[in-house]
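Thanks for coming, everyone. Please look at the structure on the screen, and I'll walk you through a few places in it.

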Amino acid sequence: MPTLYLASTSPARKQILHDLGLRATVIAPELDEEQAVTEMTEERTPEAVALHLARLKAESVLDPSLDGLVIGGDSVFHFEGQNYGKPLVPEVAKERWRGMVGKSGTLFSGLWVIDHTGGGVVGSAGEVSHASVHFAPSIDERDIDAYVATGEPLQVAGAFTLDARGGAFIDKVEGDPHAVVGMSGASLRRLIDSLGHRYTDLWGQGSA
């Protein structure tokens, strides 16, 4: 069975793989996301951006020493006509939360899998999943300050999480919940199967 490599340092994506019964070697991708989006030649829809960054992350870690399947993922939050990635700094996160209270947006999760069995590219495939996220109306400035102070929302698309503290401020999710967390398990299964591997055989690797 092929070895899995995760081209992401996201704890959430690693945890999803663990929960799915899969083991992956984590390799930090080398990618300037902002520059990569700026250099896009196709229309910068949230779906296109998420898939573009997921592909570049997977490609950035390729090396002849890798023998298996390389997984890249990225998320984009689309809210009121704007694409949002990681806020990175507290003031940006607070500003976004002030605008999101009581409203909803869509989280797009791009996934790209490269079949690198034998130390070279055999094939690749990508898919985008999404879900609508509805934020609670009863969130005040004190709540926002407390949440941002934890540092949790600074390194995640849209400035929120579903699987940690931020989940308490989300009233409803419509769509693939794994997409909101960071990686769609259903998409991963379809992509692995489409590349000629049987997804369920990978369960034999155990969990990370």
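First, a term. Helices here are DSSP runs of H or I, at least four residues long, and they are numbered from the N terminus. One of them is H3, covering residues 46-60, and Glu47 is found in it. Keep in mind that this is a predicted model.

Let's stay with Glu47. Is Glu47 buried, partly exposed or exposed? Its relative accessible area is 36%. Buried would need under 20%, and exposed over 50%. So Glu47 counts as partly exposed. What does Glu47 touch, leaving aside residues up to four places away in sequence? Two residues: Phe108 and Val128. Now look across to Ala168. Glu47 and Ala168 sit 121 residues apart in sequence. In space, their C-alpha atoms are 27 Å apart.

Next, a pair of helices. H4 spans residues 90-100, and H5 spans residues 141-149. Their axes come within 10 Å and cross at roughly 140 degrees. The crossing of H4 past H5 is right-handed. Which residues make the contact? From H4, we have Pro90, Ala93, Lys94, Trp97 and Arg98. From H5, we have Glu141, Ile144, Asp145, Tyr147 and Val148. Six of these contact residues are nonpolar, four are charged, and none is polar.

Last stop: Thr161. Thr161 lies in the loop between H5 and strand E7, residues 170-175. Its relative accessibility is 9%, so Thr161 counts as buried. Beyond four places in sequence, Thr161 touches Tyr147, Glu152, Val156, Gly166, Gly167 and Ile170.

Methods:
Residues are numbered from 1 along each chain as its sequence is written. This is a predicted model: local features need pLDDT of at least 70, side-chain atom pairs count only at pLDDT 80 or more; totals for chains, interfaces and linings use all residues. Side-chain values use heavy atoms; hydrogens and water are left out. Axes are lines fitted to C-alpha atoms, for helices over the stretch in contact, and angles run from 0 to 180 degrees between N-to-C directions. Helices (H or I, at least four residues) and strands (E, at least two) are DSSP runs, numbered from the N terminus. A crossing is left-handed if the near helix is turned anticlockwise from the far one by less than a right angle, and right-handed if clockwise. Contact means heavy atoms within 4.5 Å. Ala, Val, Leu, Ile, Met, Phe, Trp, Tyr, Cys and Pro count as nonpolar, Asp, Glu, Lys and Arg as charged, and the others, Gly among them, as polar. Buried means under 20% relative accessible area, exposed over 50%, partly exposed in between (1.4 Å probe, protein chains only).
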